Amino acid sequence: MSPYMRLGHGQSLGASSKYIYVLANENKLPGGASNGFYSEEILQLKKSDLTINKVWSIRVDVGSSGRYFYNAAFAGDNTMYGVFHNAAFGRYEFWRLNLVNNRWQVSQVTATQSHFVKQQAGSSPVQGFSVSGSNMYLAFNNLIFKLQTDGTYQKTWKHVSNREIEGLASDGSQLYAQLAQRGEILSGRW
């Protein structure tokens, strides 16, 4: 894969039978200028040779403000879920993007009633996000929260490795958490 390919924040990756999907954000235009805070790209890469097959630009506007997804999960070729930290309202919002006629259509799925963890004002500590069936999972440092897709809290899991989670994947009831600093993955069932 080319080192020049913009892969964004790095915590939004998914795959289907033929493609790998990446949500690229925090991109820069030539000369280092910002591409706009709310503009992001969805890249579809061919698994066969890791070249770009398609690129879509997305922008989610809500009234006079936008939604920027540092964390997203792909569910096949036509669906992406994004999580947005709304610091002004003290909650996380979950959005679904469906690919229809080569265009991503956006709808809000739900919002939580809290931040889940104590944090500095305005910060968004989500370090992993995954969707599997009717469940969503959020990872913060050494915590994983399980939610129903309507935002209802179900349970919390904590690991004691003294390392942060840097990515999260789920397959049915099996979770995989990538840990920071060494190439290790924890797995467990819910």
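Strands here are DSSP runs of E with at least two residues, and helices are runs of H or I with at least four, both numbered from the N terminus. The model is predicted: local features need pLDDT of at least 70, side-chain atom pairs count only at pLDDT 80 or more, and totals for chains, interfaces and linings use all residues. Residues are numbered from 1 along each chain as its sequence is written, and side-chain values use heavy atoms, with hydrogens and water left out.

**Stop 1: the four-stranded sheet**

Select S7, S8, S9 and S10. In that order they form an open sheet of 4 strands with antiparallel pairing. Its edge strands are S7 (71-74) and S10 (103-111), and each of these pairs on one side only. Two strands pair if DSSP finds at least two bridges between them. On average, neighbouring strands of this sheet are turned by 25° against each other, direction ignored. For such angles, axes are lines fitted to C-alpha atoms (for helices, over the stretch in contact), and values run from 0 to 180 degrees between N-to-C directions.

Now keep S9 (residues 91-100) and S10. These two run antiparallel and are joined by 8 bridges. Pick asparagine 98: opposite it stands glutamine 105 in S10.

**Stop 2: threonine 112**

Move on to the loop between S10 and strand S11 (128-132), where threonine 112 is found. Is threonine 112 buried or exposed? Threonine 112 is buried, because its relative accessible area is 3%. The cut-offs are under 20% for buried and over 50% for exposed, with partly exposed in between (1.4 Å probe, protein chains only).

Show its surroundings. Beyond neighbours within four places in sequence, threonine 112 is in contact with Arg91, Tyr92, Phe94, Leu147 and Gly151. Contact means heavy atoms within 4.5 Å.

**Stop 3: lysine 146**

Go to strand S13 (residues 143-148) and select lysine 146. Its relative accessible area is 13%, so lysine 146 is buried. Which residues does lysine 146 touch, not counting those up to four places away in sequence? They are Asn135, Met136, Tyr137, Thr152, Tyr153, Gln154, Lys155 and Trp190.

**Stop 4: the three-stranded sheet**

Finish with S15, S16 and S17. These 3 strands form an open sheet in that order, and the pairing is antiparallel. S15 (165-171) and S17 (185-189) stand at the edges with a single partner strand each, so one side of each has no neighbour in the sheet. Neighbouring strands here are turned by 20° against each other on average, direction ignored.

Zoom in on S16 (residues 174-179) and S17. They run antiparallel, with 5 bridges joining them.
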